[in-house]
Protein chains: 2
Amino acid sequence: MTEEEKTTEKTILDAAKKVFLAKGYDGARMQEIADEAKINKSLVHYYFRSKDKLFDAIFKDAFSQFIPKVAETMASDKDIFEKISIFIDTYIEMFINNPHIPTFILHEINRNPDRIVGLFKETKIDPSVFGLTVINEINKGTIKPINPLHLIINMISMCVFPFAAKPILKGFIFQNNENAYLQFIAERKKEVTEFIIRSIKN
Amino acid sequence: MTEEEKTTEKTILDAAKKVFLAKGYDGARMQEIADEAKINKSLVHYYFRSKDKLFDAIFKDAFSQFIPKVAETMASDKDIFEKISIFIDTYIEMFINNPHIPTFILHEINRNPDRIVGLFKETKIDPSVFGLTVINEINKGTIKPINPLHLIINMISMCVFPFAAKPILKGFIFQNNENAYLQFIAERKKEVTEFIIRSIKN
DNA sequence: TTTAATTTTGACCACTTGGTTAATCCATTT
DNA sequence: AAATGGATTAACCAAGTGGTCAAAATTAAA
């Protein structure tokens with residue numbers, strides 16, 4: 001419980017997060033994590049018994065990072081257009097700060113589907129909350145009839161994909177100009193929100 | 001050049017495709033590929049000198065699979081709404097038949113960005129072709145003003161993501177009901193097309 | 001049938017991997 | 001200062017990795 005200990009554990013977690021997010025479970029090496037943390041490899045095992053345990057910690061962390069805010073927004077009493085706008089902004093902003101998360105999660109859920117489904121169920125997220133809001137607005141005539149599930153998947157798709165496909169966009173479209181790519185991403189907050197609202201607004 | 005030889009090589013390629021697509025480069029094992037092909041591991045090296053070489057073959061194949069049709073559609077002289085409709089249909093249908101491609105490519109382009117950018121450039125795909133069509137239609141007043149790049153990324157996003165995120169959708173939303181998931185995917189051909197057109201049509 | 005060439009195999013190798021262990025270091029307590 | 005206990009290290013290990021090689025099996029050529 002000393003300062004020392006907490007610092008070391010955190011150091012390892014930070015290093016592990018960096019390596020795991022960049023290379024995935026299979027591509028990550030315990031030695032590389034130790035190097036990144038500038039400590040002996042045994043120390044990593046001393047704090048987290050195995051690669052699996054360490055990975056679990058990182059995965060849970062990465063995963064829990066992008067759930068709460070979204071759930072919070074969805075449960076609020078703002079009108080649906082504002083909800084959508086905040087949702088898109090929050091999602092994109094979070095990925096700007098954690099650009100590896102999309103690819104990481106998308107790859108790892110394929111390697112181990114059960115783990116992630118379990119994590120999702122732990123979060124107590126209820127996909128029907130937003131669905132009810134949508135249906136409600138449809139009935140009020142605020143928006144056009146639409147399948148709420150398709151709508152939410154559309155929203156998430158347009159936020160996630162440009163990050164998962166960053167090397168293509170940056171390398172092929174933007175000639176490796178990082179700033180051009182980042183500006184494109186920044187534009188999307190407004191662009192995607194408007195694109196969605198234009199499609200559903202009555 | 002006998003029947004035998006061609007068959008063996010194809011057998012290996014098929015096995016390798018299956019394993020690489022499911023597990024990625026790092027997760028794939030030469031032994032597993034050999035087992036899948038029901039041959040000796042050395043034989044894999046006999047036909048494709050190394051894991052890298054074999055992977056390159058698979059990657060190029062997987063990659064080239066989803067480029068031509070799309071390019072063809074985009075270059076045609078159909079009106080923009082039809083182009084969009086065909087684009088969405090083609091894309092989704094192809095992923096239905098190759099469900100691992102999205103995750104595979106998204107993961108591997110992060111591991112080796114240069115390779116994929118090179119492959120893209122080989123394809124001679126010109127992103128501006130569709131862009132010009134869009135601008136043209138905007139000027140004619142057929143569709144609302146929109147940044148063509150954001151539009152095309154939106155389109156691809158909504159096609160790709162539901163496949164990359166299959167384990168989440170299937171496990172969390174559809175309670176592991178494969179058919180429910182597949183039906184949802186099938187619905188998206190119509191749903192996404194309408195969603196887009198509704199947003200841009202004047 | 002004999003010979004030559006090709007394809008397939010099993011044994012093997014060097015290296016890397018995650019993980020263990022015993023010794024050492026170091027701060028705190030007595 | 002001595003002892004205690006946790007933190008850190010270096011050396012090491014067994015299992016698995018991609019890859020090689022020479023022998024065997026099969027096919028083609030003579």
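Select helix 7 of chain A, residues 101-111. Helices here are DSSP runs (H or I, at least four residues), numbered from the N terminus. Glu108(A) and Arg111(A) both sit in this helix, three residues apart, about one turn. Their side chains meet in a salt bridge at 2.6 Å, N to O. The rule asks for a side-chain nitrogen of Lys or Arg within 4 Å of a carboxyl oxygen of Asp or Glu. Glu108(A) is buried at 2% relative accessibility, whereas Arg111(A) is partly exposed at 31%. Buried means under 20% relative accessible area, exposed over 50%, and partly exposed in between (1.4 Å probe, protein chains only).

This is a predicted model: local features need pLDDT of at least 70, side-chain atom pairs count only at pLDDT 80 or more, and totals for chains, interfaces and linings use all residues. Residues are numbered from 1 along each chain as its sequence is written, chains are lettered from A and ligands numbered from 1 in the order in which they are written, and side-chain values use heavy atoms, with hydrogens and water left out.

Next, go to chain B. Glu108(B) pairs with Arg111(B) in a salt bridge, closest N and O atoms 2.7 Å apart. Glu108(B) is buried at 3%; Arg111(B) is partly exposed at 32%. Then select Lys166(A), Lys170(A) and Glu178(A), which salt bridges with shared partners join into one network.

Move to helix 12 of chain A, residues 178-200. Lys190(A) and Glu194(A) form a salt bridge at 3.7 Å. They are four residues apart, about one helical turn. Lys190(A) is exposed at 58%, and Glu194(A) is partly exposed at 35%.

Stay in helix 12 and pick Arg188(A).

Now show the whole interface. It takes 49 residues from chain B and 49 residues from chain A. The buried area is about 4700 Å², with 73% from carbon and sulfur atoms. That is the accessible area (1.4 Å probe) that two parts lose on being put together, summed over both. Highlight His150(B), Phe172(B) and Phe195(B): they supply 15% of the area chain B buries against chain A, more than any other three residues.

Finish by zooming out. Chain A has 12 helices and zero strands. Of its 202 residues, 48% count as buried.

Notes: Helices (H or I, at least four residues) and strands (E, at least two) are DSSP runs, numbered from the N terminus. Contact means heavy atoms within 4.5 Å.
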